[in-house]
Amino acid sequence: MSATTDDAELFARAERLRAEGQPGEAEALYRGILSRQPRHLAARRGLAEVLATLDRTEDAAAAQRDTQAQEVENLCKVARAALKHGRFEAAITCFERALELEPDSREAIKGLAEAWHRRRNLKKALGWYQRYLELDPGDPEAEHMVAALGDGPQPPQASDGYVRSLFDRSAQDFDQTLLEELKYRAPQILLEAVTAVLPPAAPRLDILDLGCGTGLAGLQFRPLARRLEGVDLSLEMIERARARGIYDALRTAELTAAMAAMNKKFDLLVAGDVFIYLGAAKPVFVAAARALRPGGLFAFTLEWQRRPGYKLTGSGRYAHNPAYVRKCAQAAGFREVSGTDFQLRLEFGKPVKGYVSVMRKA
Ligand SMILES: C[S@@+](CC[C@H](N)C(=O)[O-])C[C@H]1O[C@@H](n2cnc3c(N)ncnc32)[C@H](O)[C@@H]1O
């Protein structure tokens, strides 16, 4: 018999003893079950009840608190699973029930913010992110989303903490979500754009993959590379890129700071769907100019916007006007050699307009 089956027998015996007025014996059995299965909610409830019967008021109150905390944990777990599968109403109901039990449950509050955001009720999402910030001031994710959804000042780029927490959390499902659900095509489009501007029979290149993620762009560019390096803020993403075995070197770092410390080391910089976390483009090009050899190329994609400049949008990502990016690049000594609109990926089933550019350093 398995430990779980044994515990089922023991739980039934504990319930009988409790009903027959033998709370002391029942307590020992409940505690035994909980030592092996701390998340056994019914055993927690049983324990709280027998302690109350035994008039051990403080112990009973502590057991009652533990029961409630377990219920909140269970509800949030179910809600997270629902959220993952796009069942927003179900997720919201479970998170709300968790909040009734524990009004300051951070997990339920952040869950509600995410659920309303994905349900496209941006006003409610903003309210829940603001509530979260009251409890945890400085939380990078809530700060970023309040900036994206509110009308306060916008940061010039997503904070390192936000990028790390977002991608450490999504690394596991990244490839499947991007390729299968969101029809992500930036790496192939970038390769086509770069190949089109390279001379025939060009020698192999020293390439730096900026915001390399799990290595989807690296996979495309490996055949062109003499040496392929990658940089990314998220350790979880880097680990997945490493597992592909296609990079000569990988480092966990902020990409602008990393490039600023380089001395004309690369022939080609690639940034697939990374400017969506970088708002102000000028510092990126100034740093890129340090990392590239003369005549080197910088190939990247943008989420396109009509209005001038750049904007942190309600999605939590930055969109850019290509004319603004060109201006920043020119100021740092680059000239655009190709620039084309394309479909970057899907968002809520609708195509997101992208722009792919290749710049050459003078
Ligand atoms: C949408 S993913 C794209 C990954 C990869 N380029 C691809 O095409 O699949 C964006 C990646 O950029 C990284 N990133 C965002 N901002 C960064 C920064 N300032 N420095 C380094 N990495 C950054 C994220 O951690 C994430 O892995």
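## Exercise 1: the sheet

β2 and β3 are paired in the parallel sense, with four bridges between them. This is a predicted model, so keep that in mind as you go.

**Task.** Find the bridge partner of Gly230 in β3, then work out which strands stand at the edges of the sheet.

**Solution.** 
1. Go to Gly230 and look across to β3: the bridge partner there is Leu250.
2. Now trace the whole sheet. The seven strands run in the order β3-β2-β1-β4-β5-β9-β8, the sheet is open, and the pairing is mixed.
3. β3 (249-252) and β8 (334-347) each have a single partner strand, so one side of each has no neighbour in the sheet, and these two are the edges.
4. Going from one strand to the next, the twist averages 15°.

## Exercise 2: helices on the sheet

**Solution.** 
1. Start with α13 (residues 235-244): this helix lies across β2 and β3, and runs at about 170° to β3.
2. Move on to α15 (residues 282-291), which packs on the sheet and touches β1, β4, β5, β8 and β9.
3. Check the direction of α15 too: it makes about 145° with that of β5.

## Exercise 3: helix against helix

**Task.** Decide how α6 is oriented relative to α7, and then do likewise for α5 and α6.

**Solution.** 
1. Take α6 (residues 106-118) and α7 (residues 122-135): their axes come within 7 Å and cross at roughly 160°.
2. Angles over 145 degrees count as roughly antiparallel, so α6 and α7 are roughly antiparallel to each other.
3. The crossing of α6 past α7 is left-handed.
4. Look at who meets whom: residues of α6 including Leu112 and Trp116 meet residues of α7 including Trp128 and Tyr132. Sorted by class, this contact has 10 nonpolar, one polar and four charged residues.
5. Next, α5 (residues 88-101) packs with α6 at about 155°, with the axes 9 Å apart. These two are therefore roughly antiparallel as well.
6. Among the residues in that contact are Phe88 and Phe95 of α5, and Gly111 and Leu112 of α6. The tally here is nine nonpolar, one polar and one charged.

## Exercise 4: around the ligand

**Task.** How many residues surround the ligand, and which are the closest?

**Solution.** 
1. Count the shell: 20 residues, the closest being Gly211, Gly213, Leu216, Leu255 and Gly272.
2. See where they come from: α9, α11, α12 and β2 each supply at least two.
3. Sort them by class: 13 nonpolar, four polar and three charged.

Conventions: Residues are numbered from 1 along each chain as its sequence is written. This is a predicted model: local features need pLDDT of at least 70, side-chain atom pairs count only at pLDDT 80 or more; totals for chains, interfaces and linings use all residues. Axes are lines fitted to C-alpha atoms, for helices over the stretch in contact, and angles run from 0 to 180 degrees between N-to-C directions. Angles under 35 degrees count as roughly parallel, over 145 as roughly antiparallel, 65 to 115 as roughly perpendicular and the rest as oblique. A crossing is left-handed if the near helix is turned anticlockwise from the far one by less than a right angle, and right-handed if clockwise. Two residues are in contact if their C-beta atoms, placed from the backbone, lie within 7 Å. Ala, Val, Leu, Ile, Met, Phe, Trp, Tyr, Cys and Pro count as nonpolar, Asp, Glu, Lys and Arg as charged, and the others, Gly among them, as polar. A residue is near a molecule or strand if its C-beta atom, placed from the backbone, lies within 6 Å of it. Two strands pair if DSSP finds at least two bridges between them.
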